Amino acid sequence: MNPLVLWFHKLGSPPYFYRFAGKWLPWLYALALICGAVGLYGALFTAPADYQQGDSFRIMYVHVPCAWMGLFAYLFMAANGFVGLVWRIKLSETLAMASAPVGAAFTFITLVTGSLWGKPTWGTWWTWDARLTSELVLLFLYFGVIGLYHAIEDRRQAARAAAFLALIGIVNLPIVHYSVIWWNTLHQAQTVSLVGPSKITPSMLWPLLTLAFATHVYFFASVLARSRVALLELESGKDWVRALLPATETPHD
Amino acid sequence: MKPGSTSAASFALLRRDLLLVWRRRGDALNPLLFAIIVVALFPFALGPEAAVLSRIAAGTIFVAVLLAMLLSLDALFRSDLEDGSLEQLVVSPHPLALLLGCKILVHWMTTALPLIVIAPLLAQLLQLPDKTLPVLLTALALATPLLSLIGAVCVALTVGMRRSGMLLTLLVLPLIVPALIFGAGACNAAQNGFAYSAPLLWLAAWLVLALILAPLAAAAALKISLT
């Protein structure tokens with residue numbers, strides 16, 4: 001078997017994943033912290049103030065990466081949910097459910113920072129603009145997935161039902177992304193794009209990209225940490241967990 | 001119709017569900033009462049000026065109708081689950097999506113259709129201009145089946161839970177927001193003298209999509225819930 005495919009198959013096994021995630025976690029957290037610090041330094045000190053908005057534009061450096069992460073986390077959750085539903089891979093279900101609270105938190109931060117940014121620039125905390133509304137709907141979708149997951153007793157059945165809901169809710173994702181183009185209201189259109197030149201100067205752009213990278217790394221670290229705990233709960237009767245737990249408990253005695 | 005064929009099974013299911021609703025026809029009136037009460041509360045809160053009321057009429061009626069339908073939604077599969085006939089539907093040789101489609105049709109006929117019938121009354125209570133009424137009825141006719149279809153998928157996911165009411169609301173409302181925006185949007189456009197066919201066509205397109213996909217999704221969700 002191709003070594004990469006073999007590794008992928010191995011990763012699906014909970015004990016292997018548990019050790020793998022444990023090894024990567026400190027590095028991911030450290031990378032996220034360093035990139036976040038560098039990005040924030042660039043955002044708060046080296047990037048020039050906006051000619052129109054002054055210093056208030058700097059909240060963008062929190063707002064935009066979190067908004068990207070809110071969408072990315074949903075996509076990650078839905079993709080993992082799909083894999084879990086089709087191939088019945090326990091790990092994918094766990095990953096999907098672990099990313100739901102993190103994605104909800106990012107979406108919530110997006111809404112809060114957007115509201116804080118809106119007050120000085122638009123003159124209002126909240127407006128029923130298409131982007132804001134669809135972002136709010138995204139938050140409710142996250143709440144629905146989390147609520148459904150916790151309402152069902154059996155953990156695996158709960159994960160499957162919630163993953164299915166996440167797949168249905170994916171119709172909202174293009175609406176969030178294209179809302180600024182379809183309904184041209186208060187929220188500005190995107191200035192940073194993957195293909196083609198971005199409409200933002202390089203000195204303002206690099207902290208944004210660094211922070212976006214940091215939030216991605218943090219997201220994966222957080223999902224891995226959550227999945228580790230969820231797997232311990234899910235597999236609590238299995239031998240590998242029993243073998244593991246006394247060993248981790250001894251240092252505390 | 002050959003006994004035992006899929007069409008015979010579908011008609012039997014339709015007949016049984018309609019008969020069950022007819023035997024308890026008092027319960028079937030609850031959504032109507034609810035919608036009337038909700039609509040009647042608005043003039044108390046906002047004052048009786050016709051100008052204010054007619055401006056919010058279409059949106060209020062839309063929200064009242066959607067909430068009234070939501071009220072009856074969590075009972076969609078409940079009695080079937082309790083007496084075990086839901087499991088019989090799942091194990092029957094006929095396509096589950098089609099059978100669920102029949103149940104969704106009955107839900108629409110017994111809750112949404114009466115609500116559409118009393119919509120002109122609700123419109124009068126809120127002083128909706130007469131020229132907007134046909135648009136409102138068309139929009140309701142397109143949006144209410146969407147709610148029945150999408151709602152059925154969410155009910156299938158929460159079936160078997162003891163207190164699913166609040167959770168069901170949380171699942172359904174974000175998914176139904178586009179129908180509300182476009183339905184009420186068409187009415188507001190018509191009221192202000194703008195073109196209103198685009199939102200109605202959007203609703204129709206979604207309805208076609210949901211008609212095909214929602215019964216399949218409900219069947220898949222039900223199989224997840226009943227394992």
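How many helices and strands does chain A have? The count comes to nine helices and zero strands, where helices (H or I, at least four residues) and strands (E, at least two) are DSSP runs, numbered from the N terminus. Read from the N terminus, the elements of chain A go α-α-α-α-α-α-α-α-α. The model is a predicted one, with local features requiring pLDDT of at least 70 and side-chain atom pairs counting only at pLDDT 80 or more, while totals for chains, interfaces and linings use all residues. Residues are numbered from 1 along each chain as its sequence is written, and chains are lettered from A and ligands numbered from 1 in the order in which they are written.

Taken along the principal axes, the C-alpha atoms of chain A fill a box of roughly 60 × 45 × 35 Å. Chain A has 253 residues, and 38% of them count as buried, that is, with 20 or more other C-beta atoms within 10 Å of their own, the C-beta atoms being placed from the backbone. As for contacts (C-beta atoms, placed from the backbone, within 7 Å), those in chain A with a separation of 6 or more are 76% between residues 24 or more positions apart.

Now for one helix pair. The axes of α5(A) and α6(A) come within 8 Å and cross at roughly 165°; axes here are lines fitted to C-alpha atoms, for helices over the stretch in contact, with angles from 0 to 180 degrees between N-to-C directions. That crossing makes the two helices, α5(A) and α6(A), roughly antiparallel, the word for angles over 145 degrees. On the α5(A) side, L141(A), G144(A), V145(A), L148(A) and Y149(A) take part, meeting residues of α6(A) that include A158(A), A162(A) and L165(A). By class, this contact has ten nonpolar, two polar and no charged residues. Ala, Val, Leu, Ile, Met, Phe, Trp, Tyr, Cys and Pro count as nonpolar, Asp, Glu, Lys and Arg as charged, and the others, Gly among them, as polar.

The contact between the chains takes 15 residues from chain A and 16 residues from chain B. On the chain A side, α5 (130-151) and α6 (155-169) are the elements that give two or more residues, and α5(A) gives the most, with eight. That side divides into ten nonpolar, four polar and one charged.

Leaving aside neighbours within four places in sequence, V153(B) is in contact with I168(A), A214(B), A217(B), A218(B) and A221(B).

Terms used
Two residues are in contact if their C-beta atoms, placed from the backbone, lie within 7 Å. A residue is buried if 20 or more other C-beta atoms lie within 10 Å of its own, exposed if 12 or fewer, and partly exposed in between; C-beta atoms are placed from the backbone. Angles under 35 degrees count as roughly parallel, over 145 as roughly antiparallel, 65 to 115 as roughly perpendicular and the rest as oblique.
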